[in-house]
Amino acid sequence: MPEVVMPRLSDSMEEGTILRWLKADGDTVNRGEEIVEIETDKATMPYEADTDGALHIVAAEGTTLPIGAVIATIGTTAEPAAANGSATAPETETAGESAGQAAEPAPAPAQAPAAPAQAPAAPASAGAGVGVGVGVGAPAAAPGNGGDRVKASPLARRIARERDIDLHALTGTGPDGRIVKSDVLAAAHAPASAPAPAETPTPTPEPAPPETPATAPEPATTAGTKGDVDIHELTRLQQVVARRMAESKATIPDFSIATDVDMAAARALRTQLKDAARTDQPVPSFNDMVVKASALALREFPHANGSYRDGHYELHTRINIGVAVAGQDALVVPTVFDADTKSLGDIARTTRGLAERVRDNTIRPPQLAGGTFTVSNLGMYGITHFTAVINPPQAAILAVGAITQQPVIRNDQITTGHLMTITLTCDHRILYGADAAQFLARIRHLLENPLTLAF
């Protein structure tokens, strides 16, 4: 029966997480039909069936597996029933095992002989599994049964370990009785009312009355300090962002410089563009102008369009601007390729499309790769000035603030102007202060003379 394995969906992908099955177990699928959503290190992507037949799911939702691991099989609509009767029976157990073994890599072959051995062990666990809640008395029996496995997601196992909860005492509400995160969290909260009274009478007869008052106040104080803890696991994307930002701050000797840009002419140009644009044409935003100005300036300052790798730096011939976009609980940086050769209108259309894909969670890895410089803008939130973290291995990142009305001096007269602060953070191994200052000044000049951006 053809196997569906964890695919490699990006160059840097080493493992993927089954986010959601789009078809149910046993459903008939057609070649080219999307069957599962897989979370990679860069984005969430659907994956299609490469053959027709009946889908048999092996890896449960939430399971993280390395590239090449079997996640499902697809047989003919007639075959699966017969195949299930003999071969699939043991495989089903293997599937359950592998689903819960993101942390324990024991594969299927060893499980086959172990299955019969676990049969007699079952009664022991049955005796231990009395009631639901935090297992305090059961652990002695549980660890002893090395083969007495419980179907649980990796996340549920982790939370259970952290909270000292015995999975054997829980009843799973997931597929095939699998224990999921919500089951463990429910058990974590349940014991406060149920088990507490049961244990109280036992210690009472013991000669511990004098110690009870001494230890009681301490836990009460500790527990009330921060209240209940709700643990949130990072998505693959959040893990990548966290790793890269930590790497950036820990390894890049950076410095930042800033300047104010008089946006009066840019505002006037944008007003004209709004009046001239058709209804189906996106009007370039100020951020689109910054992207275009940065791209043109990068032509003249190639070091700012470089990357630092392994003790040397690389200068790129293409100018691809990454535009930071706030996604779903993550920061995503899609790329505007060859931004220096695109018109303002093209940049506007490209950035709108990429931003929509980020918000719809349909962005693809190729659209997130290849950036040589990044623009990050928080002006729409009213932030006037900030420094951004370099996206390694790029040489620099430009942070853009809000346009604010301020007093300015023109022709020796104090008047009102619209200023915007732009801040350049640089990797000092590639860009030095003087080069960075000239590069930033060039961006300012282009923005203050926006007609130069129209070509």
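Ring pairs join Phe301, Phe373 and Phe439 into a cluster; rings of Phe, Tyr and Trp (its six-membered ring) pair if their centres lie within 6.5 Å. The model is predicted: local features need pLDDT of at least 70, side-chain atom pairs count only at pLDDT 80 or more, and totals for chains, interfaces and linings use all residues. Residues are numbered from 1 along each chain as its sequence is written, and side-chain values use heavy atoms, with hydrogens and water left out.

Because Phe373 belongs to strand β16 and Phe439 to helix α14, the pair ties together parts that are 66 residues apart in sequence. Helices (H or I, at least four residues) and strands (E, at least two) are DSSP runs, numbered from the N terminus. Phe373 and Phe439 are both buried, that is, under 20% relative accessible area with a 1.4 Å probe, protein chains only.

Helix α14 (residues 433–448) has 16 residues and reaches 22 Å from its first C-alpha to its last, close to the 22 Å expected at 1.5 Å a residue; the expected span is 1.5 Å times one less than the number of residues. Its buried residues are Ala436, Phe439, Leu440, Ile443, Leu446 and Leu447. Viewed down the axis of α14, these fall within an arc of 120 degrees, so they line one face of the helix; the arc is that of the directions from the helix axis to the C-beta atoms. Among the elements that cover them are β9 (254–262), α10 (264–276) and β16 (373–377), where contact means heavy atoms within 4.5 Å.

A charge sits over a ring if NZ of Lys or CZ of Arg is within 6 Å of the ring centre and within 35 degrees of the ring normal.

| Arginine | Ring | Distance from ring centre |
|---|---|---|
| Arg270 | Phe286 | 5.3 Å |
| Arg429 | Tyr308 | 3.8 Å |

In helix α9, the buried residues are Arg236, Leu237, Gln238, Val240 and Ser248. They pack against β2 (15–21), β4 (34–39) and β14 (331–332).

The protein chain contains 14 helices and 18 strands. Of its 455 residues, 38% count as buried. Residues 24 or more positions apart provide 62% of the contacts with a separation of 6 or more.

Notes. Buried means under 20% relative accessible area, exposed over 50%, partly exposed in between (1.4 Å probe, protein chains only). Rings of Phe, Tyr and Trp (its six-membered ring) pair if their centres lie within 6.5 Å; planes under 30 degrees apart count as stacked, over 60 as edge-to-face and the rest as tilted.
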